[in-house]
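Student: I have a model open and would like to go through part of it with you. Can we take it piece by piece?

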Amino acid sequence: MLCLFDLDGTLIDSEHGITACVKHALARLDVPAPAHEELRRWIGPPLRHSFAPLLDHDPERIEAAVDYYHERFNTLGWREHEIYPGIEALIERLLGAGHRLAVVTSKPHRHAAPIIAHLPFGDAFLRLYGPHPDSPHSEKASMIAEALADFDSDPADAVMIGDRHFDIDGAVANRVRGFGVLWGFGNREELEQAGASAIAATPDELAGLLLA
């Protein structure tokens, strides 16, 4: 089976790095940062989508904010994450069962690549799919379609695993099963409404679904 994993909120808890970079960008533009609970919702959607309402949908200011975000992310932010407990064991079990693994993330490829390279199980992922840095969209659906083509995988023999509705939306668009996880930044209601085929509360529960 082809197992496609989201990165932020699924493999790693990147909350601190992402929110710190958002605050840095807004501070450079003299815009007050939203409350912490609101900032958690920025993890998953494309940055431009989240910056737009705070910056009066001004394209120039949005691009400046994205540049400032990357300014901090490139030096500090990419290292500010933790691997969720149980994920490393899950990946080992999937590899042992002969599944093929890849990452499909909203992070630009150049930002996700060093993170995956530094994960103790980074070599497990045969490919990494991320949107073009200039794209305003997450493009999960098109990236999943690209993965299916690259791996010559039947949609029925693939699964997309993630914590937000963007992951499930992309899966549904490709007739791929979407498995939601509850240890990230989404919630059960969001994942169910998006049409998740199954929802796991822990990596061990996810292993049970994938190895059934």
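Student: How many residues of β6 are buried?

Tutor: In β6, 5 of its 5 residues are buried, so the strand is mostly covered; buried means under 20% relative accessible area, exposed over 50%, and partly exposed in between, with a 1.4 Å probe and protein chains only. This is a predicted model, in which local features need pLDDT of at least 70, side-chain atom pairs count only at pLDDT 80 or more, and totals for chains, interfaces and linings use all residues. Residues are numbered from 1 along each chain as its sequence is written, and side-chain values use heavy atoms, with hydrogens and water left out.

Student: Which residues point which way from β6?

Tutor: Ala158, Met160 and Gly162 point one way, Val159 and Ile161 the other. Strands (E, at least two residues) and helices (H or I, at least four) are DSSP runs numbered from the N terminus.

Student: And which strand does β6 join through 4 bridges, running parallel?

Tutor: That is β7, where arginine 177 stands opposite valine 159; β1 (residues 2–5) also pairs with β6 in the parallel sense over 4 bridges, pairing requiring at least two DSSP bridges between the strands.

Student: Changing topic, what is the phi of aspartate 30?

Tutor: Phi of aspartate 30 is near 55°, a positive value in a residue other than glycine, and the residue sits in the loop between α1 (15–28) and α2 (36–40).

Student: Is aspartate 30 buried or exposed?

Tutor: Aspartate 30 counts as exposed because its relative accessibility is 71%.
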